[in-house]
Amino acid sequence: MSTHEPLPLPAEAPAPTPLRGSGRIFSRPVMAWASWDWGSAAFNAVMTTFVFTVYLTSDAFGGEARASQVLGWGLAVAGLLIALLAPVIGQRSDTGGRRKLWLGVNSAIVAVLTALCFFVFPSPEMLIVGVALIAAANIFFEFAGVNYNAMLTQVSTPATIGRVSGFGWAMGYVGGIVALVVVLVVFIEPVVDWPGASGEDGLNIRLVAVFSALWFAAFALPVMVTVPEVPRKARAAQVAFFASYGLLLRRVKAIYRQSPHTIFFLLASAVFRDGLAAVFTFGGILAAGTFGFSTSMVIVFAIAANVIAAIGAVVGGFLDDRIGPKRVIIGALVGLLVAGTAILVLGTGSYSFFGMDWTADTTFWVFGLLLTLFVGPAQSSSRGYLARLAPVGDEGELFGLYATTGRAVSFLAPALFALCIGIFGSQLYGVVGILAVLLAGLLLLLPVRSPERVTRAVVPEA
């Protein structure tokens, strides 16, 4: 038998997980599942992109260049820890029938770490504390994401994976819009004067951290009470934590023998997903540090960016189910490279085109929003691509590998962003590092087969 032909299920393997939803967008399971994405926007959009990291890289913490470098290295260390731990965490939640449990536990830890950011006062001495809290929260957020992504196959059907995944991403972006509006009108530019809106000692931004923690915790609850827990594997053996790495290695070898393009996709997506993450992580920082946006203007830009990103994710999801995820990802990466290059080339200069003035603000508004249009489809279709290939009943482990391969190279974009700032002495040139990572990911993806041409692997039991 060819190693590329589908293999029969081993006799001891469990039956395919009978937990698929109808795949209808507005069904109760899909809405509850997507609610987690909605809530997670308070961490992604508010804390790590447009508000708290902008605060953390301000002059109050020792200057934007130094603080940006420290944040970049902190996120790189977090990425290394995620790479080492994520697949085993996914494997053990699959085997023990605790996918939903660990989604809840890790989400709760993220909420607590986010709330602790309230104690990050604006001073250079607090920079390390702030970066450590954000980095640690990123670690547990990724652990939660492993289990959350694995649930995609429980709430969708093979014909609707793309649009359900896209809907989830869109809910995240729309949740980000609502959260950012609340942050803007309550804490940053309050419509009603109240003590919590004071900027003294960064009080308003520190309270934003508490708000974000409560927002995430509240919207993470529906999936916990609506989507069923996966069953424990009937014949699964208890495996010690470190022995799980041996089992992981055997399973990776089995996947490579039966479905090598699954591994090739994991490697390619690891690179371009690191670039996608960097677009959002450093987008708000560039808006404030390089283009001179005020905190309130950064939030206004973020709201617009999330509207555009949500539209992109929904459209990308429908295209995914029609033309396939690979074409969607390639188109999105090309769009990102064009938009990012335009920001780099035009920079902070002012120009005149056909008698019309073009300012630095215009550059960032036009091409920054164009960047966000393409990020959603690439992220959504990448998740949908892998969900189509995940071994039945072992989705968590494969999405753990998805996190690991991503985080194994997650030092690339933050490190290159920081390195280019150091070399050229300007925050703008951090864009060069991000573009290099996106281009490398695109080149690695081109020879990878589309999911319909790839065999779904069967992995050995413990």
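The structure holds 30 aromatic pairs, where rings of Phe, Tyr and Trp (its six-membered ring) pair if their centres lie within 6.5 Å, and where planes under 30 degrees apart count as stacked, over 60 as edge-to-face and the rest as tilted. The rings of F293 and F301 have their centres 6.3 Å apart and their planes at 80°, so this pair is edge-to-face. F301 also forms a tilted aromatic pair with F364, with 4.9 Å from centre to centre and 40° between the planes. Because F301 belongs to helix α11 (residues 295–323) and F364 to helix α13 (residues 360–389), the pair ties together parts that are 63 residues apart in sequence; helices here are DSSP runs of H or I with at least four residues, numbered from the N terminus. F293 is buried at a relative accessible area of 6%, F301 is buried at 3% and F364 is buried at 4%, the term buried meaning under 20% relative accessible area, exposed over 50%, and partly exposed in between (1.4 Å probe, protein chains only).

This is a predicted model, in which local features need pLDDT of at least 70 and side-chain atom pairs count only at pLDDT 80 or more, while totals for chains, interfaces and linings use all residues. Residues are numbered from 1 along each chain as its sequence is written, and side-chain values use heavy atoms, with hydrogens and water left out.

Elsewhere, W33, W36, F43, F141, Y148 and F216 form one aromatic cluster. Rings also meet charges: the charged end of R206 sits over the ring of F118, 4.7 Å from its centre, and R273 lies over the face of Y402 at 3.5 Å from the ring centre. The criterion is that NZ of Lys or CZ of Arg is within 6 Å of the ring centre and within 35 degrees of the ring normal.

Which partners does the side chain of R99 reach? R99 lies in helix α4 (residues 99–116) and counts as buried because its relative accessibility is 2%. Its side chain makes a polar contact with the side chain of Q154 at 2.7 Å, and the side chain of R99 also reaches the backbone oxygen of A150 at 3.4 Å. A polar contact is a pair of N or O atoms within 3.5 Å; within protein, one must be able to donate a hydrogen and the other to accept it, and residues adjacent in sequence count only if both atoms are side-chain atoms.

Returning to helix α13, S381 lies in this helix and is buried at 0% relative accessibility. Leaving aside residues up to four places away in sequence, S381 touches G316, D320, P325, V328 and I329, contact meaning heavy atoms within 4.5 Å.

The axes of helix α7 (residues 161–188) and helix α8 (residues 203–226) come within 11 Å and cross at roughly 145°, the axes being lines fitted to C-alpha atoms over the stretch in contact, with angles from 0 to 180 degrees between N-to-C directions. Residues of α7 including G175, V178 and A179 meet residues of α8, among them N204, I205 and L207. In the loop between α7 and α8 is D201, whose phi is near 60°, a positive value in a residue other than glycine. D201 is partly exposed, with a relative accessible area of 45%.

Technical notes:
Helices (H or I, at least four residues) and strands (E, at least two) are DSSP runs, numbered from the N terminus.
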